[in-house]
Amino acid sequence: MTTPIRWGILATGWIAAQFTEDLKLLPDAVVAAVGSRSTEAAERFAATHAIPRAHGSWQALAEDPDVDVVYVATPHPAHHEATMACLKAGKPVLCEKPFTLDRASSQELVDAARQRGLFLMEAMWMRANPAIRRIGELIADGAIGEVVSVDASFGVGGPFEPSHRMRAKELGGGALLDLGIYPVTFAHLWLGAPAHIRAWASLWPEGTDANTGMVFGYDSGAVATLHCGAVGVTGMRGSIVGSTGRIEVPGPFFRPGGFTLVRGEESEAVDVPFRGNGMSHEAEETMRCLREGLLESPLIPHAGTLEIMGVLDAVRAQIGVTYD
């Protein structure tokens with residue numbers, strides 16, 4: 001019988017709760033501890049989710065000898081600090097997306113993990129989604145020919161107050177890092193890094209983006225048209241067009257339970273259900289890599305994370321969004 005892997009949960013917000021509940025669906029995973037900057041918050045989260053130990057600091061969680069790997073679920077401006085603390089304490093890390101606020105600080109985490117021989121992965125759950133993985137297999141097998149265009153949009157409705165994490169600059173606010181990383185990653189999955197980037201956005205008074213459009217061009221001649229926004233709800237669908245067919249991904253495209261494969265006059269609905277909230281698949285991949293002694297996942301490699309952070313940097317430069 002496989003020895004369970006013991007998880008530590010760093011932070012106590014909504015996404016941490018979703019991930020924790022999904023971990024309980026995996027028989028070889030144990031939620032051993034939770035850590036927060038507030039003892040009260042950690043103890044409340046532990047009581048809610050039946051976690052045996054609650055730590056009142058990130059450092060205490062990172063140093064817990066009964067934790068094998070840490071899931072970092074803080075708001076993204078704190079990802080670098082929290083992940084680095086865990087790495088320095090010798091803990092492998094699964095860190096929520098976006099990895100950090102920019103490519104340079106993401107590179108620092110990758111370098112630190114490699115120097116210490118520790119596993120590190122961005123928690124981009126879309127890449128681990130079973131339907132997305134099946135789409136990747138079909139495209140690799142030539143099911144729709146050469147990919148020539150990708151479309152995706154992720155828009156949510158407000159209104160959001162200036163202090164909300166979607167708007168506040170000190171919280172890494174803006175549609176791009178919170179939502180736009182999904183359509184950007186969706187395009188990257190099928191086309192890789194773009195050769196040309198064009199972007200436009202409307203900004204909130206706080207200096208963060210409210211509504212952003214992006215067009216990417218590739219050396220192959222392919223294009224991607226992408227959108228993210230926090231001013232209106234979109235259908236959140238994705239489309240991958242190839243030279244001999246296309247794949248339509250229903251909303252939300254970042255957590256699909258299936259897709260439609262269209263070739264000529266033929267249309268085939270393909271069901272590929274996910275487990276729980278859809279987050280256990282990235283945890284499963286993390287544990288597989290830990291058991292095999294890998295320092296990064298071939299499914300969510302460091303290079304892909306860094307390329308996408310570089311694309312987001314380029315978009316932010318064009319739309320005029322900066323962070324301290």
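Helices (H or I, at least four residues) and strands (E, at least two) are taken here as DSSP runs, numbered from the N terminus. The model is predicted, so that local features need pLDDT of at least 70 and side-chain atom pairs count only at pLDDT 80 or more, while totals for chains, interfaces and linings use all residues. Residues are numbered from 1 along each chain as its sequence is written, and side-chain values use heavy atoms, with hydrogens and water left out.

The span 133-248 is 22% helix and 35% strand, and its end C-alpha atoms lie 14 Å apart. An unreviewed UniProt entry annotates these residues, 133-248, as "domain: GFO/IDH/MocA-like oxidoreductase"; such annotations may be inferred rather than shown by experiment.

Helix α1 has A16, A17, F19, T20, D22 and L23 buried, where buried means under 20% relative accessible area with a 1.4 Å probe, protein chains only. Among the elements covering these buried residues, through contact between heavy atoms within 4.5 Å, are β1 (5-10), β2 (29-35), α2 (39-49), β4 (69-72), β5 (93-96) and α9 (280-291).

Notes: Buried means under 20% relative accessible area, exposed over 50%, partly exposed in between (1.4 Å probe, protein chains only).
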